[in-house]
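Please look over the sequence and the model that follow, and then read the report beside them, turning back to the picture as each part is named.

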Amino acid sequence: MGLQDRNEKLFYRVIMSNVERFMPIIYTPTVGLACQLYGHIFRRPRGLFITIHDRGHIAAILKNWPEINVRVVCVTDGERILGLGDLGCHGMGIPVGKLALYTACGGVPPQQCLPVTLDVGTDNEALLKDPLYIGLRHKRVRGQAYDDLLDEFMNAVSDRYGMDCLIQFEDFANINAFRMLNKYRNKFCTFNDDIQGTAAVAVAGLLAALRITKTKMCDHTIVFQGAGEAAMGIAELVTMAMEKEGLPKEEGLKKIWMVDSKGLIVKVIHTHTVFFCNFVYICCCFVCFWKDVVRELKPTVIIGVAAVSRAFTEQIIRDMASFNERPIIFALSNPTSKAECTAEQCYTLTEGRAIFASGSPFDPVTLPDGRTFYPGQGNNSYIFPGVGLGVIACGLQNITEEVFLTAAEVTHCDELLPPVMPSRTPI
């Protein structure tokens with residue numbers, strides 16, 4: 001970041017010389033640690049901080065930003081940073097890192113990218129007591145005041161930069177993420193990366209896996225470890241892919257199961273889970289434990305998106321290998337410390353038969369028999385820069401789910417190996 005402050009052109013030249021090498025430094029997993037320590041390593045502000053107390057003045061604040069041709073705004077309120085929880089203003093590292101990839105991977109000029117943090121306070125007691133915390137020192141403001149801030153922000157951005165300015169939502173808590181996506185998606189040029197970007201990259205991974213297993217999407221039973229933004233987004237896009245194969249949506253929904261901290265979801269607990277709640281009795285009682293769900297449902301695919309470290313235990317991985325010739329195991333939680341299992345555990349316990357992807361990068365794994373596996377990275381970075389570039393280039397004002405299904409279809413490759421991203425000439 002010091003290099004970015006001193007010489008931005010050189011910063012991007014270095015990154016674009018080898019994106020695969022430098023991405024883990026400017027993005028996951030390093031960005032998670034950077035956010036945790038943001039106040040302690042803070043040297044020079046990047047991006048725009050807008051507080052709950054700025055209501056009524058957001059348009060004027062945006063006019064203070066020196067660039068007038070902004071094409072992409074990445075905004076967070078810091079409440080759910082990766083799998084690390086509420087980091088308040090320290091979540092600014094996420095929009096900064098995301099927009100760096102818009103330039104490095106999508107070729108969007110950096111001056112056209114605006115990172116924004118909406119500071120409404122934090123419920124993180126450790127941060128509130130930290131003398132180096134850079135944000136507001138009070139509990140999070142919720143309710144109508146919060147909604148009014150978001151409404152004013154969305155309108156101010158569109159008035160200032162145009163209705164075709166892309167507004168990317170990042171790391172909002174479940175309680176707000178779905179609500180805001182449904183509220184704004186048909187009014188503004190916006191998408192939620194945690195819901196829709198994660199969905200696209202996960203479906204891209206599944207489509208790649210289908211080439212290995214020689215099956216169709218509708219042949220699979222999928223169990224999610226987690227029932228939040230990522231799980232719901234992936235589930236919705238998976239059902240769309242199944243529908244495209246000819247399976248009715250009602251039948252596709254029966255192939256999707258979710259387990260949260262309370263156990264297997266068997267009734268509606270939130271409005272956004274209404275379509276993905278399966279009613280089932282097993283052994284005359286509800287299955288409650290993650291390992292029991294896997295053992296009873298015998299899924300072909302398990303996807304971890306709950307940021308529960310080591311949730312894919314040795315027994316679960318062995319069970320998946322016992323009733324699948326090629327088990328599909330996606331440990332997508334970030335950062336690395338929150339991954340459901342490591343690549344080494346997955347390949348070793350399945351004797352190299354698993355099709356594995358993770359949210360953060362893992363080193364190659366060599367088994368005792370000499371075979372070497374290169375873990376695929378199922379990370380949003382393979383989706384949002386391209387989607388954003390396409391939206392900007394085409395002047396889209398509303399981004400539909402079909403955009404992300406198309407992105408998933410063109411992103412997947414024959415093997416789950418992360419491609420080396422070529423350098424891009426800024427548009």
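Where does proline 335 lie? In this predicted model, proline 335 is placed in the loop between E10 and H16. The peptide bond that leads from asparagine 334 into proline 335 is cis, and its omega is near -5 degrees. A cis peptide bond also joins threonine 28 and proline 29, with omega at about 10 degrees, and proline 29 belongs to the loop between H3 and H4. These bonds deserve a second look, because most peptide bonds are trans, just as most residues other than glycine have a negative phi.

Aspartate 171, in the loop between strand E4 (166-169) and H10, has a positive phi, near 55 degrees, although the residue is not glycine. Alanine 307, in the loop between E9 and H15, likewise has a positive phi, near 60 degrees. Are these two residues buried or exposed, or something in between? Aspartate 171 has a relative accessible area of 2%, so it counts as buried, whereas alanine 307, at 22%, is partly exposed, because the cut-off for buried is under 20%.

## The nonpolar cores

Which residues have the most contacts inside the largest nonpolar core? They are Phe153, Phe224 and Ile303, in a core that has 103 residues. Helix H11 (residues 193-213) gives the largest share of this core, namely eleven residues.

When residues up to four places away in sequence are not counted, phenylalanine 153 touches Ile50, Ile58, Val73, Val75, Val116, Leu118 and Ile167.

## A covered helix and a buried loop residue

In helix H15 (residues 314-322), the buried residues are Ile316, Ile317, Asp319, Met320 and Ala321.

Leaving aside neighbours within four places in sequence, glutamine 112 is in contact with Asn69, Val70, Arg71 and Val72.

## Two residues at the ends of helices

Serine 17 lies in helix H2, which covers residues 8-17, and with a relative accessibility of 47% serine 17 is partly exposed. A polar atom of the side chain of serine 17 lies 2.5 Å from the backbone oxygen of valine 14. Serine 17 and alanine 104 are 87 residues apart along the chain, yet their C-alpha atoms are separated by 9.3 Å.

Cysteine 394 is found in helix H17, which covers residues 384-394, and its relative accessibility of 60% is the reason why it counts as exposed. From C-alpha to C-alpha, cysteine 394 is 9.4 Å from aspartate 164, although the two are 230 residues apart in sequence.

## A cavity and a pocket

Rolling a probe the size of a water molecule over the atoms shows where empty space is left. How many cavities of 30 Å³ or more does the structure hold? It holds one, and the volume of the largest cavity is about 30 Å³. The lining of this cavity consists of Phe169, Ala177, Met180, Leu181, Thr190, Phe191 and Asn192, and the elements that give two or more residues to it are helix H10 (174-184) and strand E5 (190-192). By class, five of the lining residues are nonpolar, two are polar and none is charged.

The second largest pocket has a volume of about 570 Å³. It is lined by 24 residues, of which Met1, Gly2, Gln4, Ala34 and Ile41 are the closest to its centre. Among the elements that each supply at least two residues of this lining are helix H1 (2-6), helix H4 (30-36) and helix H7 (93-106). The lining of the second largest pocket has 15 nonpolar, five polar and four charged residues.

Conventions. Residues numbered from 1 in each chain as written. Predicted model: local features only at pLDDT ≥ 70, side-chain atom pairs only at ≥ 80, totals over all residues. Heavy atoms only, no water. 1 Å grid on protein atoms, 1.4 Å probe; cavity = no way out; pocket = protein on both sides within 12 Å on 5 of 7 lines; lining within 4 Å. Points joined across faces, edges and corners; volume = space filled by probe spheres on them. Helix = DSSP H or I, 4+ residues; strand = E, 2+ residues; numbered from the N terminus. Nonpolar A, V, L, I, M, F, W, Y, C, P; charged D, E, K, R; others polar. Buried < 20%, exposed > 50% of the residue type's maximum accessible area, 1.4 Å probe, protein only. Polar contact = N/O pair within 3.5 Å; in protein donor to acceptor, adjacent residues only side chain to side chain. Core = buried A, V, L, I, M, F, W, Y, C linked by side-chain atoms within 4.5 Å. Contact = heavy atoms within 4.5 Å.
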